[in-house]
Amino acid sequence: MKKGIIFDMDGTLWDSSENVAKSWDDVVQKEKCGLRRITAEDIQNVMGHTMTEIAEMIFPMLEKQEAIALTDRCCKAENAYLRMHGGVLYPHLEDTLKRLAEQYPLYIVSNCQKGYIEAFLDYYQFWKYIEDIECFGNNSREKAYNIGLVVKRNHLDWAVYVGDIQGDYDASKKAGVNFIHAAYGFGSVTEDVPAIRAFEKLPGMLERV
């Protein structure tokens, strides 16, 4: 039986909100004089949503297509900035990934734009731990679909999705995979699900799922 672990990104593997906010604010202040400053709290509040949803949430004062276009430019600047500066990894992340990769194939599925996961893997040189990735930016499909896509193309018989918000749990259920709540992240889950309070606790939790 082939078992795999699929990770969410934001609130699960790292917190990039401070640097994402810096990159977005730089674009917004240069292009749209008069729009309010973009803060790390703004970014944290929308993480986990698709880029189309984020455009409407961050820029409700703009017409939809204008908001989407501005968000696209912000995302491109974000990818470049994160590839140079990274974010904040959760404690013991690499040691735990290394330990997990000795037993399981590891994957990442996110609602992010194309290039975001790659920037993370490039900056920290984590490609050696991650076997496959998928995101909303690649195919404009919801997270449940992309979780299922990774399961299918990697021929997994059993999989668990590790994420921090309710939407991650909902996507895992729809995709038909197990779920572990990264309770140290940005959000909460209303259902009674297995949860970890620190990333390094994941190997022990996997033994009980």
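Which residues point one way from E6, and which the other way?

1. This is a predicted model. Start with strand E6, residues 158-163. Trp158, Val160 and Val162 point one way from E6. Ala159, Tyr161 and Gly163 point the other way. All of these residues are buried. E6 is accordingly described as mostly covered, with six of its six residues buried.

2. Next, the neighbours of E6. Strand E1, residues 3-7, runs parallel to E6 and is joined to E6 by five bridges. In this pairing, lysine 3 has tryptophan 158 as its bridge partner in E6.

3. Strand E7, residues 178-182, also pairs with E6 in the parallel sense, over four bridges. Here valine 160 has asparagine 178 as its bridge partner in E7.

4. Helix H9 covers residues 166-175. Together, E6, H9 and E7 make a β-α-β unit, and the unit is right-handed.

5. H9 also matters for a pocket: H9 gives the most to the lining of the second largest pocket, with three residues. The volume of that pocket is about 160 Å³. Its lining includes Gly167, Asp168 and Ala171, along with Ile165, His49 and Lys143. By type, the lining residues are two nonpolar, five polar and three charged.

6. The largest pocket holds about 260 Å³ of space. It is lined by 14 residues, and Met51, Asp72, Cys75, Gln113 and Gly137 are the closest to its centre. Helices H3, H4 and H7 each supply at least two lining residues. H4 gives the most, with six. The lining of the largest pocket divides into five nonpolar, six polar and three charged residues.

Technical notes
Residues numbered from 1 in each chain as written. Predicted model: local features only at pLDDT ≥ 70, side-chain atom pairs only at ≥ 80, totals over all residues. Heavy atoms only, no water. Buried < 20%, exposed > 50% of the residue type's maximum accessible area, 1.4 Å probe, protein only. Pairing = 2+ DSSP bridges. Right-handed = clockwise from strand over helix to strand, strands pointing away. 1 Å grid on protein atoms, 1.4 Å probe; cavity = no way out; pocket = protein on both sides within 12 Å on 5 of 7 lines; lining within 4 Å. Points joined across faces, edges and corners; volume = space filled by probe spheres on them. Nonpolar A, V, L, I, M, F, W, Y, C, P; charged D, E, K, R; others polar.
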